[in-house]
Amino acid sequence: MTADSLINWTVGSVLGLMTLLFIFRIVLTWYPQVNLNRFPLNLVALPTEPFLVLLRKLVPPIGGVDITPIIWVGIFSLLREILLGQQGLLTMMH
């Protein structure tokens with residue numbers, strides 16, 4: 001495995017995992033009574049909460065619904081496409 005493919009695999013895995021975690025957060029917003037501090041839900045909440053807190057300062061809930069996880073899914077999907085897509089920056093470098 002070359003350094004380029006290792007970097008592509010790592011970046012792709014991290015971005016894919018974060019997208020998946022934010023999708024889980026979207027589903028968890030449907031259940032506000034769930035305690036995110038208990039295992040196994042804290043495995044979803046801990047890595048995503050810093051991103052959500054940052055964006056919640058700019059985007060307040062709309063009609064009582066927190067849309068920040070949806071925005072982050074879009075951001076991470078866009079980053080993955082820009083970096084690793086068919087015409088992505090990391091793809092074109094090697």
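How are helices α2 and α3 oriented to each other, roughly perpendicular or roughly parallel? The structure is a predicted model, in which local features need pLDDT of at least 70 and side-chain atom pairs count only at pLDDT 80 or more, while totals for chains, interfaces and linings use all residues. Residues are numbered from 1 along each chain as its sequence is written, and side-chain values use heavy atoms, with hydrogens and water left out.

The axes of α2 and α3 come within 10 Å and cross at roughly 110°. The two helices are therefore roughly perpendicular to each other. Here, helices (H or I, at least four residues) are DSSP runs numbered from the N terminus. Axes are lines fitted to C-alpha atoms, for helices over the stretch in contact, and angles run from 0 to 180 degrees between N-to-C directions. Angles of 65 to 115 degrees count as roughly perpendicular, under 35 as roughly parallel, over 145 as roughly antiparallel, and the rest as oblique. Residues F51, L52, L55 and R56 in α2 meet T68, P69, I71, W72 and F76 in α3, where contact means heavy atoms within 4.5 Å. The residues of this contact divide into 7 nonpolar, 1 polar and 1 charged. In this division Ala, Val, Leu, Ile, Met, Phe, Trp, Tyr, Cys and Pro count as nonpolar, Asp, Glu, Lys and Arg as charged, and the others, Gly among them, as polar.

Helix α1 (residues 3-28) packs against helix α3 (residues 68-84) at an angle of about 165°, with the axes 9 Å apart. This angle makes α1 roughly antiparallel to α3. Residues of α1 in the contact include N8, G12 and L15, and those of α3 include I70, V73 and L83. By class, the contact of α1 with α3 holds 14 nonpolar, 5 polar and 2 charged residues.

Between α1 and α2 the packing angle is about 85°, and the axes are again 9 Å apart. That makes α1 roughly perpendicular to α2. On the side of α1 the contact is made by M18, L21, F22, F24, R25 and L28, and on the side of α2 by L43, V44, A45, P47, T48, E49, F51, L52 and R56. These residues divide into 11 nonpolar, 1 polar and 3 charged.

The largest nonpolar core has 12 residues, among them L15, F22, V44, L52, V59 and W72. A nonpolar core is a set of buried Ala, Val, Leu, Ile, Met, Phe, Trp, Tyr and Cys residues joined through side-chain atoms within 4.5 Å. Helices α1, α2 (42-56) and α3 each supply at least two residues of this core, and the largest share, 5 residues, comes from α1. Not counting residues up to four places away in sequence, L52 touches F22, R25, T68, P69 and W72.

T48 lies in helix α2 and counts as buried, at 0% relative accessibility. Buried means under 20% relative accessible area, exposed over 50%, and partly exposed in between (1.4 Å probe, protein chains only). With residues up to four places away in sequence not counted, T48 touches L21, F22 and R25. T91 lies in helix α4 (residues 89-92) and counts as partly exposed, at 24% relative accessibility. Leaving aside neighbours within four places in sequence, T91 is in contact with L83, L84, G85 and Q86. T91 and I62 are 29 residues apart in sequence and 38 Å apart in space, C-alpha to C-alpha.
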